[in-house]
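Hi,

Here is the structure I promised to pass on.

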Amino acid sequence: MEQPTLFEDQISAGPLASRLRPQTLREFEGQRHLLAEGKILRRLIDRDEVPSMIFWGPPGVGKTTLAQIIAGKTKARFVNFSAVTSGIKEIKKVMDEAESARRMGQKTILFVDEIHRFNKAQQDAFLPFVEKGSIILIGATTENPSFEINSALLSRCKVFVLQALSEEEMLHLLRRALTDPKGFGGEKVEIGEDELALIATFANGDARTALNTLEMSVLNGEQTEQGIRVSREIVQQCVGKRSLLYDKNGEEHYNLISALHKSMRNSDADAAVYWLARMLEGGEDPLYIARRLVRFACEDVGMADSRALEITVAAYQACHFIGMPECSVHLAHAVIFLSLAPRSNAVYLAYEKAKRDAQRMLAEPVPLHLRNAPTRLMKDLHYGEGYEYAHDTAEKLTAMQCLPDALAGRVYYCPTEEGAEARVRQRKQQIDAWRAARRAALEQKKQQSGKGEHQDE
């Protein structure tokens, strides 16, 4: 009879990640901020008092496993439900069964994997049953619940954030896989700590990826008299080039653009280039990044260096002309320039202040002297009357009021002393001072004229 090989043994027993799936909280790796003794989720599970809740975290951190552990400890009915394969019909069927169980005095815990895949109508179908206690809902999602879960449903669930496993936790998991009888404990596997560290780094906090990579490395290892030897070369081949954790439509998309934006704002060119590379190598549209840089140029650099707008627009055009991968250097040029440019958010703040007044006072009329008068009727209604043409004056300035009366004297743009904006600040101060003096002189002249007319009477 032919002896089965190690490979055949492992395949028949299932993947390593499945064989090592924890059955108890003691075996569960990671999430100590939630599951350590005395932590809130641990207490709820131990007391069998779990509320409706959402497990939010990246792939491979144990969302489904944790739900299954709860299923093993609870006295409630446990129903596993997939958002990928289920619709309204299936939801209603499960809800009816849960309602019947509730009348018999039994709780139902409904675990919904990838709950973010349900549309609004499907999520709404859960709501009345959660409200009256027919079910305890446990949803798992890789997406931000704030964006993907209906607010009414989310308000009735406790959100627990599950974190990617640390490298130390990942190494502990890999070492256990090598010694556990359910893993490779029955084999003599020789693999160095450096190779385990390489797998842990590659997995990027995803336990499933780490175990799958270890399994592939062992199954491709060199058979020796002592057992199986896994060399660094084998591990490197199994690791290969991993696509970066990135979803252009998911939360990581917003996390990375936020990291890029805030690194530039903090004048950290090195960090900014790194986040740029993370986005581009993850498959982000370079034109999206270029548009964000154009916005940054005015929001965070502004008048301190107006070349920022020119350079970012040029970078956008370069991305449009030649695309990836060649345009990466143009984006890097713009990112480094913006990171090291002087900072001013005065333009941004000016618009925000003006916007608040515009929204609050939408009906303020345009002063008559600022209105055009292309028809006789408009002239008869005094449109344009009193308008002062700045080019007719020596100073190219007038004291004419250009804001509505209700907003006269309001200041929106307050230039800083940063970069070229210092000169802008000086120019604005000169204009404001001249205009104030001119208006004061006109007011004094008007008052004197009024006194003279009074004396003549």
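Which residues does Leu-41 touch, not counting residues up to four places away in sequence? They are Leu-34, Leu-35, Met-53, Phe-55, Leu-66 and Phe-160, where contact means heavy atoms within 4.5 Å.

Before the rest, some housekeeping. This is a predicted model, with local features needing pLDDT of at least 70 and side-chain atom pairs counting only at pLDDT 80 or more, while totals for chains, interfaces and linings use all residues. Residues are numbered from 1 along each chain as its sequence is written, and side-chain values use heavy atoms, with hydrogens and water left out.

**Cores**

Leu-41 belongs to the largest nonpolar core, which has 51 residues; Leu-41, Phe-55, Leu-66, Ile-191 and Leu-214 touch the most other members. Helix α10 (residues 167–179) supplies the largest share of this core, six residues. There is another core apart from it, with 27 residues, including Leu-280, Leu-287, Leu-331 and Ala-332. By nonpolar core I mean a set of buried Ala, Val, Leu, Ile, Met, Phe, Trp, Tyr and Cys residues joined through side-chain atoms within 4.5 Å. Buried is under 20% relative accessible area, exposed is over 50%, and partly exposed is in between (1.4 Å probe, protein chains only). Helices are DSSP runs (H or I, at least four residues), numbered from the N terminus.

**Helix packing**

α16 (residues 286–301) and α18 pack at an angle of about 20°, with their axes 11 Å apart. (Axes are lines fitted to C-alpha atoms over the stretch in contact, and angles run from 0 to 180 degrees between N-to-C directions.) That makes α16 roughly parallel to α18, a label for angles under 35 degrees. On the α16 side the contact is made by Pro-286, Ile-289, Ala-290, Leu-293, Phe-296, Ala-297 and Val-301, and α18 brings Leu-331, Ala-334, Val-335 and Leu-338. By class, the contact has 11 nonpolar, no polar and no charged residues; Ala, Val, Leu, Ile, Met, Phe, Trp, Tyr, Cys and Pro count as nonpolar.

Most residues other than glycine have a negative phi, and most peptide bonds are trans. Met-324 to Pro-325 is a cis peptide bond, with omega near 5°; Pro-325 lies in the loop between α17 (307–322) and α18 (328–340).

His-382 is not a glycine, yet has a positive phi of about 75°. Lys-396, also not a glycine, has a positive phi of about 60°. His-382 sits in the loop between α20 (376–380) and α21 (421–456), and Lys-396 is found in the loop between α20 and α21. His-382 counts as partly exposed because its relative accessibility is 40%, and Lys-396 counts as partly exposed at 47%.

Cheers

Conventions
Helix = DSSP H or I, 4+ residues; strand = E, 2+ residues; numbered from the N terminus. Parallel < 35°, antiparallel > 145°, perpendicular 65-115°, else oblique.
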